[in-house]
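Q: Could we go through this model together? I would like to begin with a side chain and its surroundings, and then move on to other topics.

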Amino acid sequence: MSFVRSYAKPKVFGITVLAALVLGALAGYVAKSTDQAWLTTTLGSIGDVFTSLLQFTVIPLVFTAIVVGITSLRRLGTSRAARLGGKTLLWFATTSLIAVLIGLAIALVFQPGAGVRVEPSQAAVEKLAARDPGSWSTLLETLIPSNLFSAFTEGEVLQVVFISVLVGFAAYALGEKAAPFVTLTRSVFDLIQKVVGWIVLLAPIGVFGLIGTAFATYGNSFVRPLFSLIASVYGGSLLVLFVVYPLLLRFVGRVSPVTFFAKAWTAIQFAFVSRSSGATLPLSRQTAANLGVDDDYASFAVPLGTTTKMDGCAAVYPAIATVFIANLFGVQLGVWQYVAIVAVAVFGALATAGTTGWFTMLTLTLGAVNMPPEVIATGVAVVYAIDPILDMVRTATNVTGQITVPVLVARTEGLLDDEVLNSPSEPPLLTGPRPTPVPA
């Protein structure tokens, strides 16, 4: 146990993850340069196991977190709960607008994709062309499941969100009659958080496999021509992460960015390596509480943000990738097409729910600017090849925003405890989850 406690300390854990990142990259480089198929397979298996461990927790986490979050608002009163929900959604839209404008500015200044010539494999194009593209009609059609249980068994996150919201408000309306169900759901949520806490401790092993696989699979032959896209996405995301959010925290939330990142770094770091906002949800929620956000409000806002607040995947990335693909195929974008990109980022965030949200959001954006179907299929196949590299910074940006907005809203509503904010706290989940508070 003493080893686990030492290993779970922020500095030790952080150094271990960074070491795994470097070792994984070296192992992947060796596998690629020496054509060691066994090493590539081993790295892939390690990464796949870690990803599977994360993904199997996402559906139950989303359902229980949203139900618990909605019912937790009862203590705050109906009118205040409605006001909190409205403010939260408004800030989600506002930060998405800022993020997509930054993404467009980066793309227009640096013109990623200009002069690049890349030919994806025909198999990749056909595979992606066969998938359902993002569209407003598809989004509405798939929102409501035909079968209550199929949404859970088939991993349809957006449908699970719809069911969770419906069940959560029903439990809220029933009050005491639903108390046994709410208590059970809260217990399941805490159990899943405990499991995720154990998975977090395996992050260095997972990072080793995931990074190693990326280097062993792609090497330099495909990554180098796409460096302009990688640099633009990282540049835009890091501007949002380390400039926009700190400014909002300082001037709206009256929170020191240094304090914020000190407490949020474990969650951000885990989001980067896991590439999953859903798997990072328990860390994000506990981080918000450690920052002084009221427990009941944090239990509502963070899970909601996990499925609808995606500044990296739904704002910065689609804007830059759309311009990249347009430049790649010599397509000229007009003013109204840029307006369409902004509108999709602000109003289409629901489409990003789930592990394939980036694909839905990108194809939704490409469709909104009237890209030909063959250009969409080929362009997405090109960016898909380096998606794991891009997804790391996108997810880290997503999660940072999912923690930032509750802090901003809590401050404006008098629900931010400065004593908790300025007090030292353990990194989330590395020492075990804090029990979900029971509403009075």
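Q: Which residues is Phe270 in contact with, leaving aside its neighbours within four places in sequence?
A: Phe270 is in contact with Phe50, Leu54, Val200, Ala203, Arg275, Ala279, Thr280 and Leu283. Contact here means heavy atoms within 4.5 Å.

Q: What should I know about the source of these values?
A: This is a predicted model, in which local features need pLDDT of at least 70 and side-chain atom pairs count only at pLDDT 80 or more, while totals for chains, interfaces and linings use all residues. Residues are numbered from 1 along each chain as its sequence is written, and side-chain values use heavy atoms, with hydrogens and water left out.

Q: Which residues touch the most other members of the largest nonpolar core?
A: Leu229, Phe260, Phe270, Val293, Tyr297, Phe324 and Met371 do, in a core of 117 residues. Apart from that core lies another, of 6 residues, including Met310, Ala314, Val344 and Met361. A nonpolar core is a set of buried Ala, Val, Leu, Ile, Met, Phe, Trp, Tyr and Cys residues joined through side-chain atoms within 4.5 Å. Buried means under 20% relative accessible area, exposed over 50% and partly exposed in between, with a 1.4 Å probe and protein chains only.

Q: And how much of the chain is buried?
A: Buried residues make up 57% of the 440 residues.

Q: How many helices and strands are there?
A: The chain has 20 helices and 0 strands. Both are DSSP runs numbered from the N terminus: helices are H or I with at least four residues, strands are E with at least two.

Q: Val344 came up; what is known about helix H16, and which of its residues are buried?
A: Helix H16 covers residues 335–347 and spans 19 Å from its first C-alpha to its last, close to the expected 18 Å. That expectation is 1.5 Å times one less than the number of residues. Its buried residues are Gln337, Ala340, Ile341, Val342, Val344, Ala345 and Val346.

Q: Changing topic: how many aromatic pairs are there?
A: The structure holds 3 aromatic pairs. One of them joins Phe63 and Phe152, edge-to-face, at 5.5 Å centre to centre with 75 degrees between the planes. Rings of Phe, Tyr and Trp (its six-membered ring) pair if their centres lie within 6.5 Å; planes under 30 degrees apart count as stacked, over 60 as edge-to-face and the rest as tilted.

Q: Which parts does that pair tie together?
A: Phe63 lies in helix H3 (residues 37–72) and Phe152 in helix H7 (residues 150–153), so the pair links parts 89 residues apart in sequence. Phe63 is buried at 16% relative accessible area, whereas Phe152 is partly exposed at 27%.

Q: Why is the pair of Phe242 and Phe261 described as tilted?
A: The ring centres of Phe242 and Phe261 are 5.3 Å apart and their planes are at 35 degrees, so the pair is tilted. Phe242 is in helix H11 (residues 227–251) and Phe261 in helix H12 (residues 257–274). Together with Phe260, these two residues form one aromatic cluster.

Q: Where does Thr287 lie, and is it buried or exposed?
A: Thr287 lies in helix H13 (residues 277–290) and is buried, at 0% relative accessibility. Not counting residues up to four places away in sequence, Thr287 touches Lys263, Ala264, Ala267, Ile403 and Pro428.
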